[in-house]
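Subject: Structure handover: pockets and ligand

Hi,

Here is the structure I promised. Please open it alongside these notes.

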Amino acid sequence: MFFKGNSKSEKRKVGDELSHVAFIMDGNGRWATKRSLPREMGHSAGAQTFKKIVRYCGDIGIKVVTVYAFSTENWGRPEKEVRSIMNLLDDYIKTAEESNEENNIQYVFLGDKSALAPELRDKANKLEELTKNNKLLLNIALNYGGRAEIVHAVNALMAEGKTKITEEDISSHLYTAHCPDPDLIIRTGCELRLSNFLMWQSAYSELYFTDVLWPDFNESEVDKAINEFYKRTRRFGKISK
Ligand code: IPE
Ligand code: IPE
Ligand code: MG
């Protein structure tokens, strides 16, 4: 069992070995299509799940949560769908600002903000500034691609005049330089791939895949993934003790 507390009244928490959990929130479109709804409805149901899961992760003691909200490749979707996702993000930022004091979440956006609409970019920057001293770190990958991130880091290093690059140099120039690598990556929605998510940082992450579509994902599904995490042996190339 991953939880430390053993009585129902005691709040159950994860241990230090699970500090960062990342989510590939996939399956919104299929969730909607199954119900004969437009895909946009799947994204708005997914946004509700996202809020619920972030709250739960904070409650059980996870210190860093990362979510894949929109990839560099997702711009290739129909304009109407892209617009609806951007509108949901805009709404989310507004709510996040309003509930700042009660939620105590630090927001960091991973990805290239320059491609976003200027108003959305400004709101994202303001939210990062407003919440920078808060407790639970929530990284939102938005216009994010793992390969683009590595290219961005290498270009930044070249601009600094570096001619020889170490692993530490790359890690410290990624969008995630402020946090540890993910211990666990959970992907909903049946697909068994990373789709350009945290390509560098996932080198030794435990991967968990579930058929549950993101809008149907809930707290007990998080527990299942965490229990599975605690059954794994992480060797990092070494041998077990
Ligand atoms: C994930 O759900 C959300 C984004 C990619 C923005 P999808 O929209 O990819 O849902 P499916 O995979 O089509 O069901
Ligand atoms: C990954 O899902 C991106 C997000 C969840 C934001 P996709 O639906 O874009 O991935 P593919 O196309 O199935 O690989
Ligand atoms: Mg998908």
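Start with the lining of the largest pocket: α2 supplies its largest share, seven residues. Helices (H or I, at least four residues) and strands (E, at least two) are DSSP runs, numbered from the N terminus. A pocket is an open set of points on a 1 Å grid over the protein atoms alone, where a 1.4 Å probe fits, with protein on both sides within 12 Å along at least five of seven lines; lining residues have an atom within 4 Å of a point.

Before the rest, two notes on conventions. This is a predicted model, where local features need pLDDT of at least 70 and side-chain atom pairs count only at pLDDT 80 or more, while totals for chains, interfaces and linings use all residues. Residues are numbered from 1 along each chain as its sequence is written, chains are lettered from A and ligands numbered from 1 in the order in which they are written, and side-chain values use heavy atoms, without hydrogens and water.

**Largest pocket**

Its volume is about 720 Å³, counted as the space filled by probe spheres set on the points, with points joined across faces, edges and corners. The lining has 33 residues, and M25, N28, H43, Y68 and A69 are the closest to the centre. At least two lining residues each come from α1 (28-34), α2 (39-59), β2 (64-71) and α3 (79-98). By class, 14 are nonpolar, ten polar and nine charged. Here Ala, Val, Leu, Ile, Met, Phe, Trp, Tyr, Cys and Pro count as nonpolar, Asp, Glu, Lys and Arg as charged, and the others, Gly among them, as polar.

**Ligand 1**

Ligand 1 takes the space of the largest pocket (more than half of its atoms lie within 2 Å of the grid points). α1, α2 and α3 each give two or more residues to its shell. The largest share, three residues, is from α1. The shell holds 13 residues, with D26, G29, R30, R39 and R77 the closest (a heavy atom within 4 Å).

- R39: a polar side-chain atom, 2.9 Å from a ligand 1 oxygen.
- N28: a backbone N or O atom, 3.1 Å from a ligand 1 oxygen.
- G27: a backbone N or O atom, 3.4 Å from a ligand 1 oxygen.

**Second largest pocket**

This one has a volume of about 510 Å³. Of its 21 lining residues, V54, R55, N103, I105 and L136 are the closest to the centre. α2 gives the most, five residues.

Best wishes

Conventions:
Polar contact = N/O pair within 3.5 Å; in protein donor to acceptor, adjacent residues only side chain to side chain.
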